[in-house]
Amino acid sequence: PEPPLTRIPVTQNMHSRLCDMHNLSKVVRWCLGTLTKSRGKRPFEPFPKGKETVMKANKIAKFFNYGQRRTQLREMSMHVKCPLVHPHVNVNGTRVTAEVRVLSQVVMKERAIKSIAATDKSTQLMIGDETWIFVKELEGIGYALSKYIYIVQTEKCYTGAYRLIVYLNIRELLHREGKGVPMFVEPVSTEPPTKRQPVKYEDLTEFGKQAWSRAESELEKRIRKNPWTVDEEVAMFGDVRLAKEQKRYLDIGAKLDILDGESVNHVINEFQDYYDETQAYKASLQTRTNMQERNSKHQSSTHASEFGHFIQESTVEEKQSQQANKVIAKCVEIITSDSCEMKWQTWLEAHGQSKLKNEDGTIKNEEDIHAIDLIQVDIGPYYAEFIDKTDLGNREDMATCVAFLMARLGHNMAESFNERQIHVSNQVRTASRTSLKDDILEPTVLLRMNSDWVHERLAAYSSVLEHINFDVESMFEVIDE
């Protein structure tokens with residue numbers, strides 16, 4: 001039988017990281033004009049035209065949520081073949097991208113709204129053709145941006161390296177010489193089905209161009225708002241979905257002054273610290289094992305051995321540094337090679353996951369798969385197999401390296417999901433009812449709400465968990481119920 005690997009503690013030394021969902025959502029809101037800023041108690045760069053347009057769309061949605069108007073809108077939509085989705089009112093403005101949703105639903109109802117407005121002279125429905133054009137332009141830009149905010153908000157697993165990818169994708173989207181933003185093909189109807197087509201910057205109205213420019217400027221600000229961490233650089237090198245293009249991403253990041261161009265050194269130094277800690281822990285296990293034997297020896301020989309051990313340790317530290325460099329280099333080399341050769345559709349099918357699809361439901365071609373498509377993929381099985389396939393002589397070190405990478409890949413880009421769970425639970429489980437403080441109440445709620453997910457992860461990582469010793473994890477405290 002194969003010898004078991006040492007059960008090492010997960011000493012993460014993780015760097016703090018801020019939620020990026022609201023950071024990104026402000027790009028959309030600044031573009032629409034609904035995000036207000038001030039300097040010296042005066043409005044800073046307001047966009048009244050955009051804000052008025054969004055408020056107008058919201059008033060229209062609200063108008064059709066009273067009495068018989070809802071039924072009237074539905075019947076007219078069926079008559080003129082508009083999509084039957086009903087406009088939802090953005091009540092308090094707290095939901096991320098809610099303003100874009102209102103714009104989208106009002107645009108889809110344009111023909112039905114115009115038909116009703118021809119006989120109903122309500123001021124809420126009075127909107128000119130130029131304003132309708134601007135509503136559609138704002139909706140197109142907002143829709144394109146909100147796709148990425150939704151990606152962050154839904155908190156896919158293993159997104160530790162994806163923040164840079166998301167920002168670079170948005171930056172490419174807003175490039176004025178690029179493909180453009182997806183706007184509805186007119187007329188928006190059910191026959192033929194609703195479609196979108198890219199519209200370039202140069203084809204927009206002056207107001208549309210202003211909204212686009214505001215999105216560009218705010219993105220450049222937000223991309224640097226939360227500094228990039230070493231953990232994200234580590235995740236970039238260790239993510240099998242991104243490794244084949246890691247050099248391109250890192251080069252772009254350096255050119256944009258997001259990264260300092262020293263990512264390789266940062267990763268090596270970070271792993272060196274982690275590797276030293278795991279080696280020290282393994283040495284402590286050996287020390288405890290041999291303690292009784294050492295105590296039985298003569299005092300003089302003990303002094304001699306301790307002195308010799310001290311000399312040996314200084315030599316070991318140098319060797320350890322070289323070994324750590326070799327381990328991380330070899331691990332990243334294998335991951336990069338696998339990333340370049342990976343056939344994702346075949347791999348997904350072999351591991352019981354759904355194949356990636358196009359918007360029309362057809363299976364994506366392998367050459368059309370991009371990094372942003374892979375954000376939903378559960379890559380856990382790859383790393384479990386990575387350890388199993390490593391030869392016995394190197395398996396101990398590779399398991400240490402995988403644990404180092406996975407801790408950083410596991411980071412999410414937002415805390416919104418947990419925030420919502422805590423908010424909902426506060427309606428039932430309060431501190432006064434449970435006699436628990438927040439530091440205990442919130443973790444127990446999250447564990448309970450995520451219990452199914454925890455069991456799924458346990459099954460996926462059963463082989464990796466064998467190498468982790470949770471008993472020595474100093475970050476956790478066992479609480480008697």
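Tyr383 is buried, at 1% relative accessibility; buried means under 20% relative accessible area, exposed means over 50%, and partly exposed lies in between, with a 1.4 Å probe and protein chains only. Tyr382 also counts as buried, at 5% relative accessibility. The ring centres of Tyr382 and Tyr383 are 4.9 Å apart and the planes stand at 90 degrees, so this pair is edge-to-face. Tyr382 pairs with Phe386 too: these centres are 6.1 Å apart and the planes are at 55 degrees, so the pair is tilted. Rings of Phe, Tyr and Trp (its six-membered ring) count as a pair if their centres lie within 6.5 Å; planes under 30 degrees apart are stacked, over 60 edge-to-face, and the rest tilted.

Phe386 is buried, with a relative accessible area of 4%. Both Tyr382 and Phe386 belong to helix 14 (residues 380-389), where they are four residues apart, about one turn of the helix. An α-helix has 3.6 residues a turn, so residues three or four places apart point the same way. Helices (H or I, at least four residues) and strands (E, at least two) are DSSP runs, numbered from the N terminus.

## About the model

This is a predicted model, in which local features need pLDDT of at least 70 and side-chain atom pairs count only at pLDDT 80 or more, while totals for chains, interfaces and linings use all residues. Residues are numbered from 1 along each chain as its sequence is written, and side-chain values use heavy atoms, with hydrogens and water left out.

## Other rings and charges

The whole structure holds twelve aromatic pairs. Phe271, Tyr274, Tyr275 and Phe404 are linked by ring pairs into a cluster.

Two arginines are placed over rings. The charged end of Arg176 sits over the ring of Tyr201, 4.2 Å from its centre. Arg196 lies over the face of Phe184, at 3.9 Å from the ring centre. A charge sits over a ring if NZ of Lys or CZ of Arg is within 6 Å of the ring centre and within 35 degrees of the ring normal.

## The whole protein and its core

The protein has 20 helices and four strands. Of its 481 residues, 44% count as buried. Among contacts between residues at least 6 apart in sequence, 77% join residues at least 24 apart; contact means heavy atoms within 4.5 Å.

The largest nonpolar core has 114 residues. Such a core is a set of buried Ala, Val, Leu, Ile, Met, Phe, Trp, Tyr and Cys residues joined through side-chain atoms within 4.5 Å. Which residues have the most contacts inside it? They are Leu145, Phe271, Ile335, Trp344 and Tyr383. Helix 6 (residues 129-153) gives the largest share of this core, eleven residues. Not counting residues up to four places away in sequence, Leu145 touches Val27, Val28, Ile170, Leu173, Leu174 and Ala215.

Helix 15 (residues 392-409) has 18 residues, which at 1.5 Å a residue should span 26 Å; the end C-alpha atoms are 25 Å apart, which agrees. The expected span is 1.5 Å times one less than the number of residues. Helix 15 bends by about 25 degrees at Met398, where the bend is the angle between axes fitted to the seven residues ending there and the seven starting there.

Thr53 lies in helix 2 and is buried, at 2% relative accessibility. Leaving out residues up to four places away in sequence, Thr53 touches Phe134, Val135 and Leu138.

## Backbone details in the loops

The loop between strand 3 (181-184) and strand 4 (196-199) contains Pro187. The peptide bond from Glu186 to Pro187 is cis, with omega near -5 degrees. Pro192 is found in the loop between strand 3 and strand 4, and the bond from Glu191 to Pro192 is cis, with omega near 0 degrees.

Glu45 is not a glycine, yet has a positive phi of about 45 degrees. This residue is in the loop between strand 2 (42-43) and helix 2 (48-63) and is partly exposed, at 44% relative accessibility. Lys81, a residue other than glycine, has a positive phi near 60 degrees. Lys81 is found in the loop between helix 3 (69-80) and helix 4 (98-108) and is partly exposed, with a relative accessible area of 35%.
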